[in-house]
Amino acid sequence: MSPRPPLPPFTQETAVQKARLAEDGWNTREPEKVALAYTVDSRWRNRAEFINGREQIVAFLTRKWHRELDYRLIKELWAFTGNRIAVRFAYEYHDDSGSWFRAYGNENWEFDAEGLMYARHASINDLPIKEAERKFHWPIGRRPDDHAGLSDLGL
């Protein structure tokens with residue numbers, strides 16, 4: 001597998017880049033593409049679910065994006081050191097009955113020397129919101145560069 005820059009050890013600039021690249025990938029909602037950012041034996045804790053390896057990552061993300069419709073995500077760097085990055089994030093989605101939610105969370109990431117993530121620990125809470133309370137209104141896909149981030153949105 002080819003390296004996935006930016007590579008550790010991270011600087012402020014490269015940690016911000018890595019967080020944005022992760023956000024961009026997840027906003028594609030393409031499980032197979034997203035899984036390529038992780039080692040083949042990557043370990044995740046996502047809420048109360050434990051996921052091991054790319055095959056399980058693809059299955060998890062496929063299930064996720066079948067129930068979390070019109071998904072839009074923003075990640076923001078929280079801290080970094082060496083080969084580790086911590087981010088906070090929020091995403092908005094609705095379920096198949098049209099009820100909207102905003103999920104808030106934190107992730108701790110650990111990378112190998114090639115820039116692939118081999119550990120991801122996520123803590124996430126969902127908040128029901130009204131459609132009028134949504135803050136993420138860009139077209140499905142990558143968040144535009146001029147769209148406000150979490151801090152600018154007061155999140």
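The structure holds one cavity of 30 Å³ or more, and the model you are looking at is a predicted one.

**The cavity and its lining**

- The residues lining the largest cavity are Trp26, Asn46, Lys64, Tyr71, Leu73, Lys75, Phe89, Tyr91, Glu107, Arg120 and Ile124.
- Sorted by class, this lining has six nonpolar, four charged and one polar residue.
- Strands E3, E4 and E6 each supply at least two residues of the lining.
- E3 gives the most, with three residues.

**The nonpolar cores**

- In soluble globular proteins, nonpolar side chains tend to be buried together.
- Here, the largest nonpolar core has 30 residues.
- Those with the most contacts inside this core are Trp26, Trp44, Leu61, Ile85, Tyr91 and Trp109.
- Helices H1 (12-28), H2 (31-35) and H3 (53-67) are among the elements that give two or more residues to this core.
- Strands E1 (38-46), E3 (69-81), E4 (84-94), E5 (100-111) and E6 (117-129) also give two or more residues each.
- A second, separate core has six residues, including Ile74, Ala90, Trp138 and Leu150.

**Trp26, in the core and at the cavity**

- Trp26 is one of the residues with the most contacts inside the largest core, and Trp26 also lines the largest cavity.
- Leaving out residues up to four places away in sequence, Trp26 touches Val34, Tyr38, Trp44, Leu61, Lys64, Trp65, Tyr71, Leu73 and Arg120.
- Of these partners, Lys64, Tyr71, Leu73 and Arg120 line the cavity as well.

**Glu23, a buried charged residue**

- Glu23 lies in helix H1.
- Its relative accessible area is 0%, so Glu23 counts as buried.
- Beyond its neighbours within four places in sequence, Glu23 is in contact with Leu73, Ile74, Lys75 and Arg143.
- Among those contacts, Leu73 and Lys75 are lining residues of the cavity, while Ile74 belongs to the second core.

**Leu127, a partly exposed residue**

- Leu127 is found in strand E6.
- Leu127 counts as partly exposed because its relative accessibility is 39%.
- Leu127 touches Trp100, Phe101, Arg102 and Tyr104, not counting residues up to four places away in sequence.
- Leu127 and Arg102 are 25 residues apart in sequence, and their C-alpha atoms are 5.2 Å apart in space.

Technical notes. Residues numbered from 1 in each chain as written. Predicted model: local features only at pLDDT ≥ 70, side-chain atom pairs only at ≥ 80, totals over all residues. Heavy atoms only, no water. Core = buried A, V, L, I, M, F, W, Y, C linked by side-chain atoms within 4.5 Å. Buried < 20%, exposed > 50% of the residue type's maximum accessible area, 1.4 Å probe, protein only. Helix = DSSP H or I, 4+ residues; strand = E, 2+ residues; numbered from the N terminus. Contact = heavy atoms within 4.5 Å. 1 Å grid on protein atoms, 1.4 Å probe; cavity = no way out; pocket = protein on both sides within 12 Å on 5 of 7 lines; lining within 4 Å. Points joined across faces, edges and corners; volume = space filled by probe spheres on them. Nonpolar A, V, L, I, M, F, W, Y, C, P; charged D, E, K, R; others polar.
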